Amino acid sequence: PEARELTADVVILGAGGSGLASAISALENGAESVILVEKCGAVGGDTLVCGAIYNTPDEALQSQETLTEAKRAAIEAVLAKEPATDAQADLIATVKAELAAYDEAGRTDIFDSEAWFALQTWDGGDYVANPDLVKTLTGKSKVGYDWIVNMGLEFYPVIGQGAGSLWQRTHTTTKTMGTGFITTYVNKLSEYGDQVTLLNY
């Protein structure tokens, strides 16, 4: 291709789900111009094969389901582990307090919280991940969900447990695989016109 010199406030390498979302976020937060560089001939990346699911606690939907004995046992098994770090101990203490409040209220719906999502995710990865990053991922999951819903992506009004998911907090889009995510992002970026430049080869 012919050599060109381009400038922008933000340059993003990769136009998969995270790249497209980053471009939208940059523009929403004041960037005047964004360049997306994608090595493939089309946008989408791994998000196109994500299985159409998104995991986040959702009290409204989880309240319609019941916490089974097996699920309760799974919580207690994680809480019974001897913490190896202060961060693990803090999360265990938080979840124990939340579970006690849940029991005191006489609830039987799906128990969930940002702390339980973080602890379960960290536990599922054998505690080798950076706990601050885990808590960012899980703690902002509902904000991310609401963000893409407000952009127009539709989900079925039920909660489930998708493939590879650890808990009944899976939201499933009405579109096939990850096409709904990518279409939603692309449509949103199109609103910014020539503020967005896509370079793909």
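These legends describe close-up views of side-chain contacts in a predicted model. Local features need pLDDT of at least 70 and side-chain atom pairs count only at pLDDT 80 or more, while totals for chains, interfaces and linings use all residues. Residues are numbered from 1 along each chain as its sequence is written, and side-chain values use heavy atoms, with hydrogens and water left out.

**View 1. Tyr102 and Phe111 form an edge-to-face aromatic pair.** Seven aromatic pairs are found in the whole structure. Rings of Phe, Tyr and Trp (its six-membered ring) pair if their centres lie within 6.5 Å; planes under 30 degrees apart count as stacked, over 60 as edge-to-face and the rest as tilted. Buried means under 20% relative accessible area, exposed over 50%, partly exposed in between (1.4 Å probe, protein chains only).

**View 2. Trp122 and Tyr127 form an edge-to-face aromatic pair.** The centre-to-centre distance is 5.1 Å, with 65° between the planes. Trp122 is buried, at 5% relative accessibility. Tyr127 is partly exposed, at 21%.

**View 3. Tyr54, Tyr145, Phe155 and Phe181 form a cluster.** Ring pairs provide the links.

**View 4. Arg72 forms a salt bridge with Glu76.** A salt bridge is a side-chain nitrogen of Lys or Arg within 4 Å of a carboxyl oxygen of Asp or Glu. The whole structure holds seven salt bridges. In this one, the closest N and O atoms are 3.0 Å apart. Both residues lie in helix H3 (residues 69–79), four residues apart, about one turn of the helix. Helices (H or I, at least four residues) and strands (E, at least two) are DSSP runs, numbered from the N terminus. Arg72 is partly exposed at 23%, as is Glu76 at 41%. Asp103 joins Arg72 and Glu76 in a network of salt bridges.

**View 5. A salt bridge between Lys81 and Asp123 links distant parts of the chain.** The closest N and O atoms are 2.6 Å apart. Lys81 sits in the loop between H3 and helix H4 (86–104), Asp123 in helix H5 (residues 114–124), and 42 residues separate their positions. Lys81 is partly exposed at 38% relative accessibility; Asp123 is buried at 14%.

**View 6. Lys142 forms a salt bridge with Asp146.** Their closest N and O atoms are 2.9 Å apart. The two residues are four apart in helix H7 (residues 141–150), so about one helical turn separates them. Lys142 is partly exposed at 30%, and Asp146 is partly exposed at 32%.
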